[in-house]
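Let's work through some exercises on aromatic rings together. Take each task in turn, try it yourself, and then follow the solution.

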Amino acid sequence: MTPDSFLKEDNICKFTNKTKAEAELAAFQFIYETMPHRLGNPRTCPSFSCCLMTQGTALLETEHGQFSLTPGDVFFTFPATPFSIRNCNQTRYYYISFVGSRANYYLESAGITPSSPVRSGFEELRSTFSYGIAKTTEANLPILTKGVLLYTLSVISAPDDSAARIEEKSLVEQIRGDIESCYAETELSLENLCDRRKYSSKYVSRRFREEMGISFSEYLQSCRIHHACNLLRGTNRSIQEIALSVGYRDSLYFSKVFKKCMGVSPSGYRNGGGE
């Protein structure tokens, strides 16, 4: 059974009104978000949030830059600071909303700042969040959710974190890195990536879906469309040139895929659609 297999497909929202604003650290909301694409962008919240990606892909945009999000990523948002979550592809994540006079202190102790809001490779936290939201009630939410939050901060700030995770870089992370490096290759496929690394494509395909929640081809498509969005908004290059630069030989097929993903044509997106 997967960590959140007992959860419904709909959002789960648990909250309490017992939070004291003057507390050092107080959590008041625990959410399992399954429909982020329906939320407005950009958005601003009066509280901090600690979020754990569990499925799909997305893009976090803030005044400090763009951050790709995939399963196992922990990301944070800050009070009165606009942010957007875009390019959602089967995206699901948990988040805890919190406030407190020492909230910034706890985040900075873990190395979290507005310019560095994302930590990657923490799939093991999924079971903690899943168990936590299943056991949370209005009465115990302040204590239980604060515990999940503090545990998360302790895990992501472990002193041997970066060295250990680089050394133990997973198979799927390697493939993700290959996709980011080679997405512009029109002939890119799971099979030729696996040939380069001498892996079994069937094994990698299964592992990729298990860890990412989507298939290799879906992830590759999401990556290509993300880069196409940046080119459409940031350059004057033609649709045909952009299609080829993100791995599509056929600009008509690229336009069809783009509209399916973004709900608007490439030219419509360039002219201000798809917000």
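**Exercise 1.** Find how many aromatic pairs the whole structure holds, and classify the pair of Tyr94 and Phe129.

*Solution.* A search of this predicted model finds 15 aromatic pairs. Rings of Phe, Tyr and Trp (its six-membered ring) pair if their centres lie within 6.5 Å; planes under 30 degrees apart count as stacked, over 60 as edge-to-face and the rest as tilted. Tyr94 and Phe129 are 5.8 Å apart, centre to centre, with 40 degrees between the planes, and the pair is tilted. Helices (H or I, at least four residues) and strands (E, at least two) are DSSP runs, numbered from the N terminus.

**Exercise 2.** Decide whether Phe129 is buried or exposed.

*Solution.* Buried means under 20% relative accessible area, exposed over 50%, partly exposed in between (1.4 Å probe, protein chains only). Phe129 has 0%, so Phe129 is buried.

**Exercise 3.** Classify the pair of Phe208 and Tyr219.

*Solution.* The ring centres of Phe208 and Tyr219 are 5.6 Å apart and the planes stand at 75 degrees, so this pair is edge-to-face. Phe208 sits in helix 7 (residues 201-212) and Tyr219 in helix 8 (residues 216-234), 11 residues apart. Both Phe208 and Tyr219 are buried.

**Background.** Residues are numbered from 1 along each chain as its sequence is written, and side-chain values use heavy atoms, leaving out hydrogens and water. In this predicted model, local features need pLDDT of at least 70, side-chain atom pairs count only at pLDDT 80 or more, and totals for chains, interfaces and linings use all residues.
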